[in-house]
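I opened a new notebook page for this structure. The entries below record what I looked up.

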Amino acid sequence: MRADAPAVPAPAVPEASSPPLRSRGAQIAAVLSLALGIFILITIEELPIGVLTIMSADLGVTPGITGLAVTLPGVVAALVALATPVVIGLMDRRLVLVMALASVVLSCVLSVLAPNIQVLLASRVFTGIAIGMYWSVLPVVATRQVAPQHRTRALTLAMSGTGAALVLGVPFTAWLGSAVGWRASFAVVAVLAVVMLVTIALVVRPVRSDEAIRPADMARALRHRGVRYAAAMTGIIVTAQFITYSYVSPLLQERAHVSAGSIGAMLLAFGVAGLIGNFAVAPLLRRHPALAVLTIALGIAGSLGVLALAVHGPLGAALVMPLWGAFAGAASVSIQSFVSRAAAEVEEPGTAINSAMFNVAIAAGAAIGGRIVDSLGLGATVATTVVLALLGAAICVRYLVRHARSEA
């Protein structure tokens, strides 16, 4: 993307329509159910990480092969996110969420019954389908449950399910897997997905687009300045984050001398802080989402810079991990708010493009981080993350400057 390329005007994509707003309590229940849906999706996406060893032993394959169960859904999700707005046409976006959770149920059932790694990986394709469908329409559905002045709050609450899953869902299923077997973990998630499927169908009000999105609309969204900047920032900042986060456990042990038994507490502190950061950034999002993204990028770079240069023991790590987590936890809601504000006329296709980039960036971050660890060591992952996060901040500054000039 050329940072200085002129914005190409995009024809407005009609805002998704929906019935009149219901009571305040019904609005909160609807958005909360969407957050719980994301909780389910993040839990099932990350579940194999917590039970990787016992899954590998049971299926008779190496952990590296089993690790494909984590990588594959991200790749599939990126492709599905791009296709979803075009494929669903005028369909009620609420039903797309229901279909996504049905795909989670199918994925879990196949995982529970999987006799070998081939069937397990096939089941994870349905996980990727679910993630791509859900993420591509979630922001639009969440913000249409409330009045326009409350849309930032609704988006913040809906996105909180991500942090909650990392804090509660993934550790719980990991514990359950070690206690009663990895298949039981998938079975529990299947039951929860059924519950949320029914709940969303009942409490979320319908959201429809007045005009079907065509491939040409997706192409126009790609040419929209706000979408291009959002995709660039997502690609760089999220990749930067996962280059280091994917290898945070050995990093803490090697650089901060954290014991293996204390890693869980460190990750819990990271996750809790991320959940707090998701809500804490809301006031800034309501005023200026681009400034929020800039703050996130600088915060990630700064906290990891401190980790690299000044942390030499467990106490320092215990202080820096929540700081890092707070900034990282606010990243997804900040960039999505940027899309909704800067590219409002192409919000739905822009959201799908941003969702696809997010999933690609997660997979790319883990892959790049692995290469760096093998060739240069763990310290180099932190340095790479800092540099990339600063690059993301520079792109955000570039947007702010151009936006200010256009407003003048």
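**Entries**

I began with F172, which is partly exposed at 41% relative accessibility; partly exposed lies between buried, under 20% relative accessible area, and exposed, over 50%, with a 1.4 Å probe and protein chains only. The model is predicted, so I noted that local features need pLDDT of at least 70, that side-chain atom pairs count only at pLDDT 80 or more, and that totals for chains, interfaces and linings use all residues. Residues are numbered from 1 along each chain as its sequence is written, and side-chain values use heavy atoms, with hydrogens and water left out.

F172 sits in helix α7; helices here are DSSP runs of H or I with at least four residues, strands are E runs of at least two, and numbering starts from the N terminus. I also looked up the pair F172 and V105: they are 67 residues apart along the chain, and their C-alpha atoms are separated by 18 Å.

S160 counts as buried, at 8% relative accessibility. Not counting residues up to four places away in sequence, S160 touches A35, L275, N278 and F279, where contact means heavy atoms within 4.5 Å.

Next I noted how two packed helices are described: by the angle between their axes and the distance between the axes. Helix α1 (residues 24-50) and helix α7 (residues 151-180) pack at about 40°, and their axes are 6 Å apart. The axes are lines fitted to C-alpha atoms, for helices over the stretch in contact, and the angles run from 0 to 180 degrees between N-to-C directions. The contact of α1 with α7 has 17 nonpolar, seven polar and three charged residues. In this count Ala, Val, Leu, Ile, Met, Phe, Trp, Tyr, Cys and Pro are nonpolar, Asp, Glu, Lys and Arg are charged, and the others, Gly among them, are polar.

**Cores**

Which residues touch the most other members of the largest nonpolar core? I found L34, V104, Y134 and F338, in a core of 104 residues. Helix α6 (residues 117-143) gives the most to this core, with 13 residues. A second, separate core has eight residues, including I213, A221, A343 and V346. A nonpolar core is a set of buried Ala, Val, Leu, Ile, Met, Phe, Trp, Tyr and Cys residues joined through side-chain atoms within 4.5 Å.

I then listed the contacts of L34, leaving aside neighbours within four places in sequence; among them are L97, Y134, L138, Q145 and I200.

**Other residues**

L285 is in helix α13 (residues 282-287) and is buried, with a relative accessible area of 0%. Beyond four places in sequence, the contacts of L285 include T152, T156, V333 and R341.

S303 lies in helix α14 (residues 289-310) and is buried, at 1% relative accessibility. Leaving aside neighbours within four places in sequence, S303 is in contact with V320, L323 and W324. S303 and L319 are 16 residues apart in sequence and 9.9 Å apart from C-alpha to C-alpha.

I placed H257 in the loop between α11 (248-255) and α12 (263-280). H257 is exposed, with a relative accessible area of 54%. Phi of H257 is near 55°, a positive value in a residue other than glycine.

**Cysteines**

How many disulfides are there? I recorded zero, taking a disulfide as a pair of cysteine sulfur atoms within 2.5 Å. C108 is buried, at a relative accessible area of 0%, and C396 is buried with a relative accessible area of 0%.
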